[in-house]
Amino acid sequence: MQVTETLNEGLKRKLNVTIPAADLNSRLDAKLEELKGQANIKGFRPGKVPTAHLKKVYGRSAMSEVMTDAINATVSDTLDERKERAAAQPKVDLPQDQTVINEVLDGKADLAFDVEYEVLPPVTLMDIKGVKIDKPVVDVTDEEVEAEVKRVFNQNRGYTDKGEGAIVENGDRLGLSFVGKIDGKEFEGGSSDHAHLTVGSGEFIPGFEEQLVGMKKDETKTISVTFPADYQNKDLAGKDATFDVTILHADGPNQGELDDEFAKNLGLEDVAGLRKAVRDQMESALASMGRQHMKRQVLDALDDGHKFDVPEQLVDAEFNTIWERVVHEIEHHGRSFEDEGTTEEEAKEQYKRIAERRVRLGLVVAEIGNVNEVQVTDEEHQQALIAEVRRFAGQEQQVYDYYRKNPQALASLRAPIFENKVVDHIIELGEITEKKMSRDELAKLIEAGEDEVPEEHHH
């Protein structure tokens, strides 16, 4: 076997490889020996077919299999010898000339081909000890707990239909239909045949709910509102609109008491138990937000501390995954890049940078994990699978079977666990400063730090 390097630029490599005809022929003989025991050819007893005859019948098709095996083995051995790891499947260019290929298939000529690939870059790690990390400390106040307990009470105390002569009061739960118009024209997403709303909950835009108070069941009324200037749908933000609203039914809250009896109906011992459950839930949500903010700081530090070229193939693959989701989101909501205050070109640039960051961080995290012997246990992997299956209520069996049949998909569940364990390892070695802040401040920090990438839709 002869290997000549024809390109070595950055991470790109191109080799010209020659496998001698003699090597291919000896591989072919071994293959034909193998076939000898299985071949069922008229006029010969099994296992007694002469090799020459087998060569005549199977020669070319066996040789084409031998070629494929020889190419794969040679590429793999060559990379091992060169101590290189390909970033993705190397691309093999075989001779185009059919005459040359036929000569090889007939065992008369050497097989020469080109191999192109990108190597994974060597990763020189920064010192991960003492990375500066702010740890958010958010106290859950008694007022917040009370407000949440009240919300739980209002949500669970039940409602009773106020019947035909119902008049809408604050706190009622309504069924209503409405048609929204701007400048007299109906707008997309502004109508509903049967929406539900608790009056005073602030679920609808400011000014809407207040104008329903005093309306009667089956009454229709036109109300006027202004969309907030910071409304998420930029087309509607700041615009004046009218809604023709009809009350379909009004349910009044059951009086009930926030007492131990109520707590028992929710499966808790008493009101104190309800308060504790609410506080625990709020604290656990804040802890997970805090952890998200710390993880972001760790990844930013790793991004700052490692500057090296990454394989284009990996960046392109990551970019395509992101871009598909971006385009899906934009089309799904009937938007355009201009609506989002950007252009397609600028968006592509931005997502290309995000893709490159993700690939680089992936290589860095993998290397830190290797060096520090971070392992994902089978039990953790199994738990991740169970959690994933549980997300699809009613389709558990199909989802479970999908992962069982797709080792690659199953392996992909390991990646986030591995990444989180590496992040935890860095946090443990980090220089932590506790920062007191409010829940809103923490939420803003998280929002500011998120990659501008729509969440993946799981199939």
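In strand S4 (residues 111-118), Leu 111 is the bridge partner of Ile 19, where strands, like helices, are DSSP runs numbered from the N terminus (E, at least two residues, for strands; H or I, at least four residues, for helices). The model described here is a predicted one, in which local features need pLDDT of at least 70 and side-chain atom pairs count only at pLDDT 80 or more, whereas totals for chains, interfaces and linings use all residues. Residues are numbered from 1 along each chain as its sequence is written, and side-chain values use heavy atoms, with hydrogens and water left out.

The pairing of S2 with S4 is antiparallel and comprises eight bridges, two strands being taken as paired if DSSP finds at least two bridges between them. Strand S2 (residues 12-19) is also joined, by seven bridges and again in the antiparallel sense, to strand S1 (residues 2-9). Within this second pairing, Lys 14 in S2 stands opposite Leu 7. S1 and S2 form a hairpin with two residues between them, and in its turn Gly 10 has a positive phi of about 55°. In general, strands of a sheet pair through backbone hydrogen bonds, either parallel or antiparallel.

These strands belong to an open sheet of four strands with the order S1-S2-S4-S3 and antiparallel pairing. The edges are formed by S1 and strand S3 (91-93), each of which has a single partner strand, so that one side of each is left without a neighbour in the sheet. On average, and with direction ignored, neighbouring strands of this sheet are turned by 20° against each other. Helix H2 lies across S1, S2, S3 and S4 and runs at about 50° to S4; for such angles, axes are lines fitted to C-alpha atoms, for helices over the stretch in contact, and the values run from 0 to 180 degrees between N-to-C directions.

A further set of pairings involves strand S10 (residues 240-253), in which ten of the 14 residues are buried, so that S10 is largely enclosed by the rest of the structure. Here buried means under 20% relative accessible area, exposed means over 50%, and partly exposed covers the values in between, as computed with a 1.4 Å probe on protein chains only. S10 pairs with strand S6 (residues 159-161) in the antiparallel sense over three bridges, and Thr 160 has Gly 252 in S10 as its bridge partner. Nine bridges connect S10 with strand S7 (residues 173-182), also antiparallel, with Asp 251 in S10 as the bridge partner of Arg 173. Strand S9 (residues 220-226) is likewise antiparallel to S10 and joined to it by seven bridges, among them that of Lys 221 with Val 245.

Salt bridges, defined as a side-chain nitrogen of Lys or Arg within 4 Å of a carboxyl oxygen of Asp or Glu, number 35 in a search of the whole structure. One of them joins Lys 31 to Glu 65, with the closest N and O atoms 2.9 Å apart. Because Lys 31 lies in helix H1 (residues 21-38) and Glu 65 in helix H2 (residues 51-81), this pair ties together parts that are 34 residues apart in sequence. Lys 31 is buried at 17% relative accessibility, whereas Glu 65, at 44%, is partly exposed.

Another salt bridge is formed by Asp 316 and Lys 352, whose closest N and O atoms are 3.3 Å apart. This pair links distant parts of the chain, with Asp 316 in helix H7 (residues 312-332) and Lys 352 in helix H8 (residues 344-371), 36 residues apart. Both partners are partly exposed, Asp 316 with a relative accessible area of 32% and Lys 352 with one of 34%. Salt bridges that share partners also join Glu 5, Arg 13, Arg 82 and Glu 84 into one network.

In helix H6 (residues 271-305), which contains Gln 297, a salt bridge is found between Asp 300 and Arg 296, with the closest N and O atoms 3.5 Å apart. Being four residues apart in H6, these two residues are separated by about one helical turn. Gln 297 is buried, with a relative accessible area of 16%. When residues up to four places away in sequence are not counted, Gln 297 touches Lys 132, Ile 133 and Asp 134, contact meaning heavy atoms within 4.5 Å.
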